[in-house]
Amino acid sequence: PLHTDTAGYIGQIKDICAIDSSIYLLDGSDFSLCKFNRKNGLLLQRISSRGNGPLEYLQPIALTSDDDHIYVLDLPGMSILSYNTNLQAEKKISTSFPCLDFIRTEKGFLCYNLSPTENLQQIVYLDNKGQIISSYQLNHNSQAVSTGSKIFNRNSQGKIFITIPFSRTIYTWDTSSEKPIEYLSFDYTSQNIPDDIELDKVNIWEKPYAIPCQFFQAKESFLQSFLYQEKRYHYIKSDSGNKLGTIPEDSEFPFFPQWQIDDYLVGTCSS
């Protein structure tokens, strides 16, 4: 349980990250950033820096972190804000494109560009100052915006995985070549989304296709979820065998992992 005082509440958890014994939540209901004790769930700190000031944001939508900083992605403000572990703002890094999700790398950030062009493609690699190093087009369908799932996540070994919306292929970030490389692909046979479909001209949710969503990899196992005919399926591959199915609706807590911290899969629900 997450414990707040009587003056506050957690409305809509949009994203999370963790550093040591603290977990940081982005609350979409009031655009605040919260710091909780990871062991007992107690609220330690809460800030809201919405505005047009030099170290303020307009609408934060995603979080990422390294060993001693939390980074907040401001979509309409086209910027990344850096905070220390005590939620003190330190600097703002401007971006030149609208970014939906991002992740910290050793040398900068990987970002998902909402408006890819021939010159600035889908995945954008930035340095620590926000300068563009390179960009990559991993999915031919540039109209693919989002399935609501995280595009970037990282396992306990620091390996970054890239899940492009509506794509059956998972990529990893190769630190030596500084390029995304193909990790694995899923095949739903006759339920595959056609390669030539124009996602901006059809309602893909009403079509009889399997829609790839979350992907997580931990140690030698991985989990992938997909939507098919208004149901969410999970496919788990591990040393103990493979499983595929839906979660019983009468489960005490919903099984719906949305994030990964080290080798833990994390979901939230209102209690």
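Trainee: How do the residues of the lining of the largest cavity divide into nonpolar, polar and charged?

Mentor: This is a predicted model, in which local features need pLDDT of at least 70 and side-chain atom pairs count only at pLDDT 80 or more, while totals for chains, interfaces and linings use all residues. Residues are numbered from 1 along each chain as its sequence is written, and side-chain values use heavy atoms, without hydrogens and water. A cavity is a set of points on a 1 Å grid over the protein atoms alone where a 1.4 Å probe fits but cannot get out, and lining residues have an atom within 4 Å of a point. Ile151, Phe166 and Ser146 are among those lining the largest cavity, and the lining divides into six nonpolar, six polar and no charged.

Trainee: How many disulfides does the structure hold?

Mentor: A disulfide is a pair of cysteine sulfur atoms within 2.5 Å. The sulfur of Cys99 lies 3.9 Å from its closest cysteine sulfur, in Cys111, which is too far for a bond. For Cys269, the nearest cysteine sulfur is that of Cys34, 17 Å away. The count is zero.

Trainee: Is Cys99 buried or exposed?

Mentor: Buried means under 20% relative accessible area, exposed over 50%, and partly exposed in between, with a 1.4 Å probe and protein chains only. The relative accessible area of Cys99 is 2%, so Cys99 is buried.

Trainee: Which residue in E8 stands opposite Ser79?

Mentor: Strands are DSSP runs of E, at least two residues, numbered from the N terminus. Strand E7 covers residues 79–84 and runs antiparallel to E8, joined by five bridges. Opposite Ser79 stands Ser94.

Notes: On a 1 Å grid over the protein atoms alone, a cavity is a set of points where a 1.4 Å probe fits but cannot get out, and a pocket is an open set with protein on both sides within 12 Å along at least five of seven lines; lining residues have an atom within 4 Å of a point. Ala, Val, Leu, Ile, Met, Phe, Trp, Tyr, Cys and Pro count as nonpolar, Asp, Glu, Lys and Arg as charged, and the others, Gly among them, as polar. Two strands pair if DSSP finds at least two bridges between them. Helices (H or I, at least four residues) and strands (E, at least two) are DSSP runs, numbered from the N terminus.
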